[in-house]
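Here's a quick briefing to read with the model open beside you. We'll go from the overall picture down to a handful of residues.

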Amino acid sequence: MIVYVPQDVYDRLYTRLKDMPEKIPDTLKKTINNAAKEAEKSLPKEVKKEYVLKDAINRVKESTSVEKATARRPGATIEIKGGPVPLYDFQRRKNGARTAAKARVLTVSSMKQLILRGGDDNGKDLKAFIQEMKNGHMGIFRRLNSEERKKQQKYFDGRDYRKSGYEKGEREVKRNAIKQLYSVSMPQMAENKEVSKEVRDIIMEELRNSMEKHIASVMEGL
């Protein structure tokens, strides 16, 4: 996400400080950085409003970094990093004897069973389940379907396992192989239509308010 001053705001700055052009770059820098700071503060809150993600505020904060504007580079960059987030980290419900595990990602959505219809080799449904792995890791998993097993086998066969004790074709993807289920990534959450709109509105409001304050400060310093 790029934070910059739109033309109408820049025109107002130039008009107010046209007799002090040397003050414009620094005023512009301070204005942009104030807006970027407000955006960084608001982003975790907006994500929390839209997603039922565990510890959303802290996780978004930890994934976010800001490259500040300078007098020579009048633009700040807000970067959000991270891969797909495990479904287990959202609201979920354990599977039953006949029902699949359920999950909810968006606050406006409902809890849904996680089922791949007809995904089994025999046309049966593949139901997701919550399980603890031997290393203590908890997650929502599902058995691989035939296409996923083929892709995994191709991946195994294409690697050189001699260094780890395997020969080509020796490692077999079994029918009961499982995969962990994931949802959207942190960057995708930040790009959510509702999230990005709210943050953009906050940025624009802060740009205008902050610019007026910094212009007033310059004027008072004369």
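Contact here means heavy atoms within 4.5 Å. With that in hand, A103 touches L87, Q91, R92, S110, M111, K112, L114 and I140, once residues up to four places away in sequence are set aside. Keep in mind that this is a predicted model, where local features need pLDDT of at least 70, side-chain atom pairs count only at pLDDT 80 or more, and totals for chains, interfaces and linings use all residues. Residues are numbered from 1 along each chain as its sequence is written, and side-chain values use heavy atoms, with hydrogens and water left out.

**Overall build**

- Along the principal axes, the C-alpha atoms fill a box of roughly 80 × 45 × 30 Å.
- Look at contacts between residues at least 6 apart in sequence, and 64% of them join residues at least 24 apart.

**Surface and charge**

- Of the 222 residues, 37% count as buried (buried means under 20% relative accessible area, exposed over 50%, and partly exposed in between, with a 1.4 Å probe and protein chains only).
- The accessible surface comes to about 14100 Å², and 47% of that belongs to carbon and sulfur atoms. These areas come from the Shrake-Rupley method with a 1.4 Å probe, and for residues only the protein chains shown count as cover.
- There are 48 positive and 33 negative side chains, and the centres of the two sets lie 6 Å apart. Lys and Arg count as positive and Asp and Glu as negative, while His and the chain ends are not counted; each charge is placed at NZ of Lys, CZ of Arg, CG of Asp or CD of Glu.

**Strand residues**

- A103 sits in strand β6 (residues 102–104) and counts as buried because its relative accessibility is 8%.
- A103 and L87 are 16 residues apart in sequence, but their C-alpha atoms are 7.1 Å apart in space.
- I178 belongs to strand β12 (residues 178–180), and at 32% relative accessibility I178 counts as partly exposed.
- I178 and L144 are 34 residues apart in sequence and 5.4 Å apart C-alpha to C-alpha. Neighbours within four places aside, I178 is in contact with F129, M133, F141, R142, R143 and L144.
- I2 is part of strand β1 (residues 2–3) and is partly exposed, with a relative accessible area of 42%.
- I2 touches A76, T77 and R200, leaving out residues up to four places away in sequence. The C-alpha atoms of I2 and R12, 10 residues apart along the chain, are separated by 21 Å.

**Loop residues**

- D89 is in the loop between β4 (84–86) and β5 (91–93), and D89 counts as buried because its relative accessibility is 17%.
- The D89 side chain makes a polar contact with the R59 side chain at 3.0 Å. A polar contact is a pair of N or O atoms within 3.5 Å; within protein, one must be able to donate a hydrogen and the other to accept it, and residues adjacent in sequence count only if both atoms are side-chain atoms.
- Beyond neighbours within four places in sequence, D89 is in contact with V52, L53, K54 and R59.
- D55 lies in the loop between α2 (24–50) and α3 (56–63) and, at 45% relative accessibility, counts as partly exposed.
- Most residues other than glycine have a negative phi.
- K68 is in the loop between β2 (64–67) and β3 (76–80), and at 58% relative accessibility K68 counts as exposed.
- K68 touches N33, R73, G75 and A76, not counting residues up to four places away in sequence. The C-alpha atoms of K68 and N122, 54 residues apart along the chain, are separated by 56 Å.

Conventions. Helix = DSSP H or I, 4+ residues; strand = E, 2+ residues; numbered from the N terminus.
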